[in-house]
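Subject: Structure for you to look at

Hello,

Here is the structure for you to look through. Please open it next to this email and follow along.

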Amino acid sequence: MTSFLDPLIAFVSAHPWLAYQTLFLAALLEAVPVVGSVIPGSTIILALSALVPGGELQLPWVLLAAAAGALLGDGSAYWIGHRRQREILNTWPLTNYPRVVAESESFFHRFGSWAVFFARFVPPIRAFVPVTAGALGMTPAKFYAVNIPAILAWAPAHVLPGVLAVSALHEYAGLHHHAHVGKHIWMLTVVGVAIVLGVAVWIYRRRNGRHVAAPKPRAELG
């Protein structure tokens, strides 16, 4: 794995704009219904955040790329739902994911407009909630009033842990930036945890997939 990470770090150092584009696309695609449930956007963002302390990437641009991708992705999904209303929830490919659609609706029944905020931190529902918000009649003003603060909290929550962790490894564990050891440790940890969580979620959903409650009448979203 080290033999793969070292060339990756060197490539990012020489072409940082590609890394920023990758961050943007990872955040954008993670917000696309269906696609976002399989794209490991959060994992990519968390892993690449390890390249900020060493100077391969700049923190403001990393945060901007992640936030801009999330805003465009969420907004596009919302407007699709807003224009097609509830019809979109009964259209392919969403019909292939009735459980997640039902969970997205349940978020609204439980939290109302705040579902847009909370869902941004809960994959894979994150990829379905914006389109569901539009389909259930949430107004654009109310959607963005909740969605923008959610993204402004979500982006640092995914970027700063890697920055702080790698900085701490170099500062307190005596690891040198040029050796990339701290970056390796963080990236491997992120990927490992993502794989374990992914398998655990898959097993849980497989065991409980037959017990999806039917959505209740929708809450008032104004």
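The mean pLDDT, the predictor's confidence score, is 81 for the chain. Of the residues, 84% reach 70 or more. One stretch needs care: over residues 210-220 the pLDDT is below 50. That stretch still has 12 contacts in the model beyond near neighbours in sequence. Where pLDDT is low, predicted coordinates should not be read in detail.

Now the fold. The chain has 9 helices and 0 strands. Read along the sequence, the pattern is α-α-α-α-α-α-α-α-α. Take the contacts between residues at least 6 apart in sequence: 77% of them join residues at least 24 apart.

The chain has 222 residues, and 41% of them are buried. Its accessible surface comes to about 11500 Å². Carbon and sulfur atoms account for 68% of that surface.

Last, the patch. Which residues form a nonpolar patch on the surface? They are Val-191, Ile-195, Val-199, Trp-202 and Ile-203. Together they have about 450 Å² of accessible area. Find Val-191 in helix H9, which covers residues 181-208. Is Val-191 buried or partly exposed? Its relative accessible area is 36%. Buried means under 20% and exposed means over 50%, so Val-191 counts as partly exposed. A patch residue needs over 30%, and Val-191 has 36%.

Best wishes

Notes: Residues numbered from 1 in each chain as written. Predicted model: local features only at pLDDT ≥ 70, side-chain atom pairs only at ≥ 80, totals over all residues. Heavy atoms only, no water. Patch = residues over 30% accessible without salt bridge, like charges linked within 9 Å, V, L, I, M, F, W, Y side chains within 5 Å. Areas by Shrake-Rupley, 256 points an atom, 1.4 Å probe, with all protein chains shown as cover. Salt bridge = Lys/Arg side-chain N within 4 Å of Asp/Glu carboxyl O. Helix = DSSP H or I, 4+ residues; strand = E, 2+ residues; numbered from the N terminus. Buried < 20%, exposed > 50% of the residue type's maximum accessible area, 1.4 Å probe, protein only. pLDDT = per-residue confidence, 0-100. Contact = heavy atoms within 4.5 Å.
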